[in-house]
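I am keeping these notes as I go through the structure for the first time. Each entry records what I looked up and what came back.

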Amino acid sequence: MNKNIRNLFMLIASSLLPFSCAEKENINLETENFTSIFDSNSFITEYLPIDIQQTPDGGYLILAERSLDSTEVTGAYLMKADKFGNFVQAMELGDTVINPIGPLNVIDGQYHFFCMSSSNEDYSQAKLATIDANLSAITIQNAGGLTYPEASSVVDNKLLLLTYNNGDKTSVVSEVTTGGTVTELAAYTVGVGEDSEDPIIEHHLKEGRQFPFAVGRTSTNTYYYNGFYEYNFSVVFVNPGADDPQGVVQGQSDHGGFSSIVPISGNKFAASRFNFGDNYLLPNTVLDPGDFSTSPDKGGIFSPELVEDARVKIHRAIVGTQNILIYGSDTRSKQIGLFYYDEATGTFLGSRYIGFSNPFQVAAMGNTSDGGIIVCGTTYLAGRFPRICLTKLSKEEIESDIK
């Protein structure tokens, strides 16, 4: 594998950050397999990637968080890399736009993500940001009166959004058009009393545990979210317009629940769960939208090599004619572990580990136009400076990993 470390010098500006390569000979000319690490001469700013999308020119658009001075909340950072994994340009949003969430949702060639306002007038308001593939123009607008955005996805060219309403203490699922028009589908209580919302507020203030919120719709048109309901971090199947959910897979307070969930077909899901530090992979599980159960009931493959309550990303890919699931997570060896499973049967197929010298952590994965995958993550230079890293794997590399 061709490993290329690009040293990139930052010139601080309010919107556009020009970078330059420190050494011309380090520019990568390999598209099939590469590893890129994007460094900065700022020793006080941290960069934590959230999501990645390949752009029509073969390059990559990355959404990330950046640390802000004297506060735990984060600012929004966007970066473009070319098809070789070389830096092209970057953009920082102002400090009044904070806590961006993924993914980068693609609709009609535009890239959309949600964030939050930090201004005194509309603090915690959900904002919808829209950017083009070249970072040449960005618009930011209010997303109705929604507050505390937590997760999003695309459904029928609309954005599905999970938010928290701290006035009513409810988890809210809404449809949002690219113009910012909001249609609320459902709102369910997180519990009564001040303690019920403490983990949620601490999540948004970046002062506590960061929860794997998610929202989506299955192939049978059933809406669901992974978030808080009645004091527990749970998978909740939404019953639009009704006061109560259609079904719930109840977690264990904020100590257990699903760390990732991806609908496959019908009631079949690929998922993972955490339970008081332990991690379990569920590459072939059935969740009945009309059932009420608990997350430990779902079992799973115990994964002792993962860090406690590990973040887990699940990616669907095709290798040859085989549909596979790629689980990406953080290992105790401080590498990114990729674990391959057959999508139809849940059979384990193989694994790969990404990382060398410095710690590596997974952020997102995506398919590439040549049949490979791109893995975006965080690496810690000198063990302490969080920086964005990219690893491109060709389809031949992935095939070599599968038994």
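Which residue in E28 is the bridge partner of Ile 336? I looked it up and found Ile 354 as the bridge partner in E28.

Before going on, I noted that this is a predicted model, in which local features need pLDDT of at least 70 and side-chain atom pairs count only at pLDDT 80 or more, while totals for chains, interfaces and linings use all residues. I also noted that residues are numbered from 1 along each chain as its sequence is written, and that side-chain values use heavy atoms, with hydrogens and water left out.

**Entry: the sheet around E28**

I then looked at the strands, which are DSSP runs of at least two residues, marked E, just as helices are runs of at least four, marked H or I, all numbered from the N terminus. Strand E27 covers residues 336-342 and pairs with E28 in the antiparallel sense over six bridges; two strands count as paired if DSSP finds at least two bridges between them. I traced an open sheet of four strands in the order E25-E26-E27-E28, with antiparallel pairing. Strand E25 (312-319) and strand E28 (348-354) stand at the edges with a single partner strand each, so one side of each is left without a neighbour in the sheet. Neighbouring strands of this sheet are turned by 25° against each other on average, direction ignored, where the axes are lines fitted to C-alpha atoms (for helices over the stretch in contact) and angles run from 0 to 180 degrees between N-to-C directions.

**Entry: a second open sheet**

I found another open sheet of four strands, in the order E20-E21-E22-E24, again with antiparallel pairing. Its edge strands are E20 (256-265) and E24 (301-302), each of which pairs on one side only. E20 is joined to strand E21 (residues 268-275) by eight antiparallel bridges, and Pro 263 stands opposite Phe 269 in E21.

Next I looked at E17, and found seven of its seven residues buried, where buried means under 20% relative accessible area, exposed over 50% and partly exposed in between, with a 1.4 Å probe and protein chains only. Strand E16 (residues 214-217) pairs with E17 in the antiparallel sense over four bridges, and Ala 214 has Asn 226 as its bridge partner in E17. These two strands form a hairpin with five residues between them, and Asn 221 in the turn has a positive phi of about 65°. On to E18: six bridges join E17 to this strand, and the two run antiparallel, with Phe 233 in E18 as the bridge partner of Phe 228. E17 and E18 also form a hairpin, with two residues between them and a positive phi of about 50° at Glu 230 in the turn.

**Entry: the nonpolar cores**

What is the number of residues in the largest nonpolar core? I found 29 residues, and those with the most contacts inside this core are Val 173 and Tyr 225; a nonpolar core is a set of buried Ala, Val, Leu, Ile, Met, Phe, Trp, Tyr and Cys residues joined through side-chain atoms within 4.5 Å. Among the elements that each supply at least two residues of this core are strand E12 (149-155), strand E15 (182-189) and helix H1 (198-204). E17 gives the most to this core, with four residues. Leaving aside neighbours within four places in sequence, Tyr 225 is in contact (heavy atoms within 4.5 Å) with residues including Leu 162, Val 173, Tyr 188, Ala 214 and Val 236.

**Entry: rings**

I ran through the aromatic pairs, of which the whole structure has 18; rings of Phe, Tyr and Trp (its six-membered ring) pair if their centres lie within 6.5 Å, and planes under 30 degrees apart count as stacked, over 60 as edge-to-face and the rest as tilted. The ring centres of Phe 34 and Tyr 60 are 6.5 Å apart and the planes stand at 65°, so this pair is edge-to-face. Phe 34 is buried at 0% relative accessibility, and Tyr 60 is buried with a relative accessible area of 1%. Tyr 148 and Tyr 164 have ring centres 6.2 Å apart and planes at 50°, so I noted this pair as tilted. Ring pairs also link Phe 211, Phe 213, Phe 228, Phe 233 and Phe 274 into a cluster.
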